[in-house]
Amino acid sequence: MKTLLLLVLTSVLAATASAQRIVYTKVFPGSKPDYVKVTITKAGAATYQETADEQEPDQVQLDSAATKAIFDLAEKLNHFRGKLESGMKVAKTGDKTYRWEDGPTASEAKYNHTTSDDARALQDWFERITECQRILSELQRTLRYDRLGVNEVVLRLDAVLQQKRIVAAEQFIPILDRIAKNESILNMARERAASLSDTFKALPK
């Protein structure tokens, strides 16, 4: 009987967690990109898109540490039930929206500028995701259309790694391995890609 109750409880908790997700949007006309939307579930499954009507957004799997950090910040922010906008007269940096969804329940907060350290820390996570997804897209583009440009993008990825801003490192491994094995790519790019791939393979999942 206890085993059955435990299984039921585990199932309920899992269903509850799967219904919880965070949706981040940033709209900033004139910037690159001028629109970003990131959706993350508590299991770390995420989508990334740069247009509101994108039919097939990028699929991203965050590691457990990043996912926990993001959801912990959302909890500290009371799942966006409070005001985040500072109201201060500052330069426009884009309209950011945090939205919490838990089944039929939802809450959200919008801001251009905030004084909340937790909100800024959460925004940094989404900026990191954006940066990594754009680098991944550039790697895919240059490998296909501009092989001389691959080295520059690999250097950017290496710089982001050194700055400890990599998110979802595992997604880079397949394309880095392709670059490393492609004899039409500059040797320096191939060597750096192989080194980055080895580094990412060694990171905790």
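Ser 195 lies in helix H6, which covers residues 187-201. Please bear in mind that this is a predicted model. The relative accessibility of Ser 195 is 43%, so the residue counts as partly exposed. For orientation, Ser 195 and Thr 25 are separated by 170 residues in sequence, and their C-alpha atoms are 34 Å apart in space.

I turn now to the helix packing. Two packed helices are described by the angle between their axes and the distance between the axes. Here the pair is helix H3, residues 117-145, and helix H5, residues 173-181; their axes come within 11 Å and cross at roughly 30°. Because angles under 35 degrees count as roughly parallel, H3 is roughly parallel to H5. The crossing of H3 past H5 is left-handed.

Which residues make this contact? From H3 they are Leu 136, Leu 139, Gln 140 and Leu 143, and from H5 they are Ile 175, Arg 178 and Ile 179.

In soluble globular proteins, nonpolar side chains tend to be buried together. In this model the largest nonpolar core has 51 residues, and the members that touch the most others are Ile 70, Phe 126 and Phe 200. H3 gives the most to this core, namely ten residues.

Let us look at Phe 126 in particular. Setting aside neighbours within four places in sequence, Phe 126 is in contact with Ile 22, Tyr 24, Val 38, Ile 40, Ile 70 and Tyr 98.

Notes:
Residues numbered from 1 in each chain as written. Predicted model: local features only at pLDDT ≥ 70, side-chain atom pairs only at ≥ 80, totals over all residues. Heavy atoms only, no water. Helix = DSSP H or I, 4+ residues; strand = E, 2+ residues; numbered from the N terminus. Buried < 20%, exposed > 50% of the residue type's maximum accessible area, 1.4 Å probe, protein only. Axes fitted to C-alpha atoms, helices over the stretch in contact; angles between N-to-C directions. Parallel < 35°, antiparallel > 145°, perpendicular 65-115°, else oblique. Left-handed = near helix turned anticlockwise from the far one by under 90°. Contact = heavy atoms within 4.5 Å. Core = buried A, V, L, I, M, F, W, Y, C linked by side-chain atoms within 4.5 Å.
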